[in-house]
Structure formats: structure tokens, C-alpha cells
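Biologist: I have a model on screen and want to learn how to read it. Where do we start?

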Amino acid sequence: MPASISRKTIGRYLGCLLLLLCTLGSAVAAGPDCSRPLTLALHEHGLLYSAETNTGIDKDFADELIRRSGCKVKVNVMPRARIWQLIESGALDFSLSGIADAERNRFASFAWYLSNKYYLLVRKDANVKSLADVERSDRFQLGVIRSFRYSESANRLVDKLDAASRVSQANGLAPLYQTLLRNRIQGMIIEPFDTPVLVEKKLRVLTNLIEFNDPAVPHGLIMSRKSLTTVEQKKWRDLVNAMRSDGTVHRIFEKYFNPEIAEAMTNFQAPQ
Amino acid sequence: MSRLRPLFLPLLILASMLCVTWLVWDHEQQNSRKALRSQFDFLLRETVSHVEQRMAGYDQMLRGVQGLFATTGGMDSDNFHDYIDALQLDVNFSGIQAIGFIESVPGALKKTHIAAMRRRVASNYAIKPEGQRKTYTPVVQVEPDVGGNLALSGLDQWPDPVRRSAMEKARDSGMPAISGLLQVAVESEADAQPGFVMYLPIYARGEQHDNVAARRAHLAGWVFAVFHMHNLMASLYGERPSGVDLAIYDDVEPSPEALLYGSIGGAAQPSAIAADEYLVVAGHTWMFSMRTKDDFYARFGRNAKSLIVIAGTSLSLLLALLAWLLANGRARAVGLATTMTRELHKQIEEYEVVQKRMVQSDKALEESNRKLEVLSTTDALTGLANRRHFDEVLALEQARHARSGAKLSLILLDIDHFKAFNDNYGHVKGDECLRLVGRILSECAIRPADLAARYGGEEFACILPETDNSGAVIIAEKIRRGIEALAIPHKASSAAKCVTASFGVITPPCTAGQPADEILVKVDELLYRAKSSGRNRVEFVAHDIALASPHEPSLPG
């Protein structure tokens, strides 16, 4: 029965081929669409990214994400305010370590990979021991990075002081440290990424830390709703989740923080 | 307290409305402040953003020059000139004073470099300032090569710490870096203006420069651009911020030494809005300081506060007035009703008084009429009926007796010598005599139907209905004796020493339509006969006579 064997063999081969094609098809469908060059922006902010050294958590995260996606992604460095502007317009596809609010949710989608608390760094000679002292003190000038949002009570403090013309804006952390040292501002809001600066003795002896009594705020990959479809956003979110679940994110953070802090920042329940 | 009650509601409404007006005014003021603050923030953000964008444009432009070197693999003055020419740095980029290239020359290669430059560019080329250094960083080409820019050729940037700091930063980061504040010459040092220099490193082609050590090792030089800050600000797109003072400092603190652009004039008004913003430009921090001027409020302020105050106060007053009118209108209506009721009561009382008076008047009138009637039928002196009433009653009684057939008698009497009595005793005594005689008649003719009358002068008469002649004679005689019994002295009388009277009595047959005058004539005849018969006597006819032929019996006196 050579003819029948031959037909059986051909049928098996065809079945295997179909299975292979289906597997390949689903594998291709699982990855993001790389048919066009994508854009990702970093911003200089403490341990997240330093243009001077071209290193940082976000840089490492971006490299790994790009590698896993297989896409060509052009990485730029720009101020945070401009990043949000471009994300909203759809000219920029991604950025990193973003936090959500009602306004941003309108034009951006997020894939969470870290969570942290916020702290108020105040000059000792400002004589403030609590957040209430800050609101009461007429002389207290707060420095913030334009377009930055923080935890709930931190945002409330910023908005209140801003309404009273007691907020100075900057497009980066560096000038805020300088102005804090020169007593042009009496406080600024910082995150764990910024704490290595406090190692600097000059700043450490001058300042105190006040913790905002808010839960840790999740940060994540920012995706432009205008340039990426919901399906694409899901694919990128899956990539980020995979990086979390296989310990990649944790390992990146362990490069910059001690294990306890890295664990606290990466082991959290991501919001849906 | 009751007087204040009508004012309570209007005052409450006035106070409430003024409170509402104040709330609206306060709300508007806060909104106005917020709007001004937003406008101010927008101006500051826009200004900073314009500068940031422009600096990003210059960054990109220098990266273009960097790309030129990357592609050509080295410095070629013609290529550089053509490239800059192709950029068309016209007035749109008037902030750029010069674009050039700085070559990093190791100290050992200084002479080779100078020789090459003198061959290629100018025979008098030299590195300025002179002196021995480990590395030289002279400007080897500058575009446009005119005016003050010519002085840049060969100028070693490194000895200047301000420039060197930026060059080092650019070299180590591989990113653009700008210098601190510099006084940049336009044509000469004398007309120098605040400015800065932006540097972008160029590394040797084909060499790695992904870390600081590699960058330092493979540095070929820098492309740079010199800027005049004033021209840069003037060439920005968009409108200049108006109504505000703007200053840009090359530091995080304002100081005259760090002033890069503009100024903040005078002392701040208490209401002025001011803010500082810090901008990191190519690794260097600038401070933007902005403060409102007086015309900012005129330009961007809302003018609804005055309108709210005027409209709110007017409306409050109008509503309070309306409430007062409504509340007081009721009180006034009640007052008016009370007054009207009082006046009505008064009028009713007056009407009752008038009515009483009218009743009294009616009674008085009735009494007057009665008196008038009495007067018209009565003799004033004697109180007896007068002649007119006597005639009326006689006519009526004659007609009535004619119908009934009853006897009607008539007595006529006259006081004897009464004229002489008057003459002797005077009229007063005469009147008294008449009154006394009249009283005797009244006493004798006493039946309700009898009528005694003063017939005229000293003559009296009596009508005696339903009385026959004998009855009448008896009454006449009774009267005569009564007069005589009065004993009124009358010395001039021939009949007696006192007043006496003579009588005629008649009982005529009554027939319908018979004139009363005929009866009177007959009775008068009988009286005359009594007079003529000696007076003080009663003359009558013995039976009822026909008026045409009376019988003449007489009673002696």
C-alpha cells in the first residue's frame, strides 16, 4: 500500500506544517506591531536617568523592553513637560516612570512596574515639622518640576501653595537642589530615585525629610493612546508584566537600591 | 417696637442681598485673581517654553554641523562655509552671532597646527593667548567671518574658565553644553553684550565615545555657536510677554552680575504677581524671573467687580424698597381702613344727630303749625274762637244740621256801652273786661260741640249744636247773669252800675244751601232789639222761626 502510506505521510507533514504555521502566527500576533519605528523619551531625574552618564533605571528598563519587543525604537531625552505634551499629541509613543491622574488617563495608558512613596525635603531652618506647618508658613516656597504629579496629599499641597504663588517651577531636579541649598526655596518633593543626592553632606546636614501619609504610587510605562491602539497597548503591557514576573524589573532595581528598597518598590499589586 | 416691625423684612432683605453681593464680589475677585494668576503662569510658561524650544533648535542645528564632520571625516573650511551658508541663519536666528569650529590641539602639535592654518586660512594665524599649555583649543573657523567674529580666529577658549567649564561638560557628556554669562562683542569689545556660547563635541571618526574616558580620548574638537541673549529673545516666535517685567539670570539667584536679559524694575507692588522658574538649558541652569507691571491688570484683568458692586447694591436697595412698600402698603391699607371706619362712624353719629334734629324740627314745625292753627282760629285776647273760625264752624254745623234735621241754636251778645267803658276805664280795663266776659262764655258753653267765639269788638257769639231754642235761652241767660255777677263797675252804663251785656238767641231752621249770613242778620236783629229794650236782657223768639218773619219775645233784665 505505498500509495496509501505516501498519502498518510503527506497528510502528517501537512498537519505538522499547519501546526507550525499556527504557532508562528500566534507568536507573531503576541508581540507588538513593529511595522514602523517607535519613539521613547527619557527624562533626566535622579537614578531614573542621567544624560551625563547615560545610565539609569529607565535606561536599563527601556533597553530590555526594546530588546524583548524586537522593534526599532528611537530613544530621546527631553524635559518631562514636553514628554507629556508629545504623548498627548501622539508624536511620542512611550516614556517611562509615569504616574496617572484623571487628565493623563484621557490620553495615556500605563503598564505599571514600580511603586514608591513621596517625601518632602525641607530645609531645617524653615522650622517645619509637618505638612500643616508648611501650609501655615507664609515664607515657605516649594520647588517642583513642571508637569510633575505626585501622591494625593502631595498634589494637594502643591496645588494649594501654587494658588498662593508659593511654588517655583523648574524643568529638572538639579536647579531645585541648587535653589534649596541657596534658600531660594525651602522645600521640594522627592522620590527614592533622588535620595542618592542626599548622600551629599552639604544637603544632608541642611535638610529634613517629611513623609507624605499616602500609599505608594504606582509608576509605569507611558503609552500614547493616540499613537497606539488598545490591542498594541495590551501587548506592550504584557511585555512589561513579563519583565516583572520573570524578575527582570527587580534585578534592574537591585542595581540601584539595596534589596529591601528594591523589593518594596517592585513588589506591589498593580492597579488594573 | 411695632413701628420697627415693617422695617424688619426690608432690612433683612437688604442685609441678605448685600451679603449675596459681597459673596458674588468675593467670588469674582477670587476668580479674577485666579484668572490673572493663570494668565501670568501662562506667560511665564510660554516664555520659558519658547526659549527652551529655540535652544532645542540650536541644539539640533549644531548637531547638523556635528553630522557634517561625522560624514566628511574632518575639517574642511569650504564644506563648513557652504554648510553654514545653506542653514540660512538670517534674522529668524538673529541671536546667533557666530558658528564656528574649535580644534583640540595637543601641545606637541601646536606648531604643526599653526603651520597648517597659515597655509590654509591666513598667513598671520596664531593661537591667542600665547603661552605653553598641555592642550590648545583655538577657533579654527568661524562663520560669518566678518566684524567682531574675525577676532575669534585662533582664540583659545580653554583659558577662560567660563568657556572651559562648558567645553568640559560637552566633551564628557557628548551632549551640547552652554557656557555661563559672557560679554560677547559684536563689532568690537566696546559694544559687547550679554551672551553665551553653546558647545557640541566632535569625536574622532570611527572611535567609540560611549563613556567619559573614551570621549576625552577621542575628542577632535567642538562646534560652537555664540549668542547674543537680547537678539535671541527678540527673534523668538510668538508675542513678547506684555504687562510684565522679565529677567533671565545665569544663576539660580537674581543678581546684576548674573543678568542675562531684561530687568525687573522698581519695588514690587503688594498686589504684584511674581514667580521664578528654573530652566536647565544644555546642562546649564537659567533663572526666569517674571513680575507683573501695573498695565498687566488693565490688559488682562476683568472689570466685573465694579459692575457687581453697583448692580448688586442697586438690586439690594430696589428689593428692600419693594419689600418695604409691600410691608408698609399693608400697614398703610389697615391705617386707611381704620381712618375710613372712624370717619364713617363719625358721619353716622353726625347723621344720627341731624336725624334727631330733623325729628325735633318736625316736632317743632308740627307744634308751630298747631300753634299757627290755634292762632288762626283763636282770638288772642280772650282765647275764644275768632270770627273766621266761628263762620267756618257755623257753615259746617248749619249743613250738618240741615242733613240731620236737629236743632241748631245761636247766641249773639254785645257788652253794653262798652265804648263808654273804654273811655272811662281805659283800654287795659277794657281788654280785661273782654277776657272776663270770654271766660264766662267758656264756662257756660261747655259741651264739646259748643263753640264760643269773639265775634268782633265787644260782640261774642255761641254756636250750640243740637240745642233747641229754650235750651239756648237758658244758656244765654246763664251767661248774662254770669257777666252781671262779675260786677265789673261801669258807671257810664245806663243799664246797670256794672258791666252787662245784651243777647239775641235764635234757633233757625237749617236747610241745605242756606247762607249763614241770614241767620246772623236775624240774630243781630234780636240783639239790637235787646239793646233797644233797655239792654242787659235776652231777646229770642218763642219757637223756631222762619228766618223771613222772626217772632220777638223778650226776657226782662
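Modeller: With a definition: helices here are DSSP runs of H or I with at least four residues, numbered from the N terminus. Keep in mind that this is a predicted model.

Biologist: Then where does B:Arg387 sit?

Modeller: B:Arg387 belongs to helix α9 of chain B, residues 387-404.

Biologist: What does B:Arg387 touch beyond its sequence neighbours?

Modeller: Setting aside residues up to four places away in sequence, it touches B:Ala453, B:Tyr455 and B:Gly456. Take B:Gly456: it is 69 residues from B:Arg387 in sequence, yet their C-alpha atoms are 6.7 Å apart.

Biologist: How do I put chain B as a whole into numbers?

Modeller: Count elements and contacts. Chain B has 12 helices and 18 strands. Of its 557 residues, 33% are buried. Among contacts with a separation of 6 or more, 67% join residues 24 or more positions apart.

Biologist: How do I read the faces of a helix?

Modeller: An α-helix has 3.6 residues a turn, so residues three or four places apart point the same way. Now try α12 of chain B, residues 516-532. This helix has 17 residues and spans 24 Å from first to last C-alpha, close to the 24 Å expected.

Biologist: Which residues of α12(B) are buried?

Modeller: B:Ile519, B:Leu520, B:Lys522, B:Val523, B:Leu526, B:Leu527 and B:Ala530. Seen down the axis, these buried residues fall within an arc of 165°, so they line one face of α12(B). On the other side, B:Asp517, B:Glu518 and B:Ser532 are exposed. After the helix comes B:Gly534, with a positive phi near 115°.

Biologist: And strands? How do I read pairing?

Modeller: Strands of a sheet pair through backbone hydrogen bonds, either parallel or antiparallel.

Biologist: Which residues stand opposite B:Tyr249?

Modeller: In β12(B), B:Met287. In β10(B), B:Leu259.

Biologist: How do I read a whole sheet?

Modeller: Write down the strand order. Chain A has an open sheet of 5 strands, β2-β1-β3-β10-β4, with mixed pairing. Its edge strands are β2 (73-77) and β4 (108-116), and each pairs on one side only. Neighbouring strands are turned by 25° against each other on average, direction ignored. Helix α9 of chain A, residues 230-245, packs on this sheet and touches β4 and β10 of chain A. The direction of α9(A) makes about 15° with that of β4(A).

Biologist: Which way do β3 and β10 of chain A run?

Modeller: They run antiparallel, joined by 3 bridges. One pair of bridge partners is A:Ser95 and A:Ile222.

Biologist: Last one. How many residues bring the two chains into contact?

Modeller: 13 residues of chain B contact 15 residues of chain A. On the chain B side, the largest share, 6 residues, comes from strand β11 (274-281). That side divides into 7 nonpolar, 2 polar and 4 charged residues. Pairing also crosses between the chains: β7 of chain A, residues 167-170, and β11(B) are parallel over 2 bridges. There, A:Gln169 has B:Glu277 as its bridge partner.

Technical notes: Residues numbered from 1 in each chain as written. Chains lettered and ligands numbered in written order. Predicted model: local features only at pLDDT ≥ 70, side-chain atom pairs only at ≥ 80, totals over all residues. Pairing = 2+ DSSP bridges. Axes fitted to C-alpha atoms, helices over the stretch in contact; angles between N-to-C directions. Contact = placed C-beta atoms within 7 Å. Expected span 1.5 Å × (residues − 1). Buried ≥ 20, exposed ≤ 12 C-beta atoms within 10 Å, placed from the backbone. Arc of directions from axis to C-beta. Nonpolar A, V, L, I, M, F, W, Y, C, P; charged D, E, K, R; others polar.
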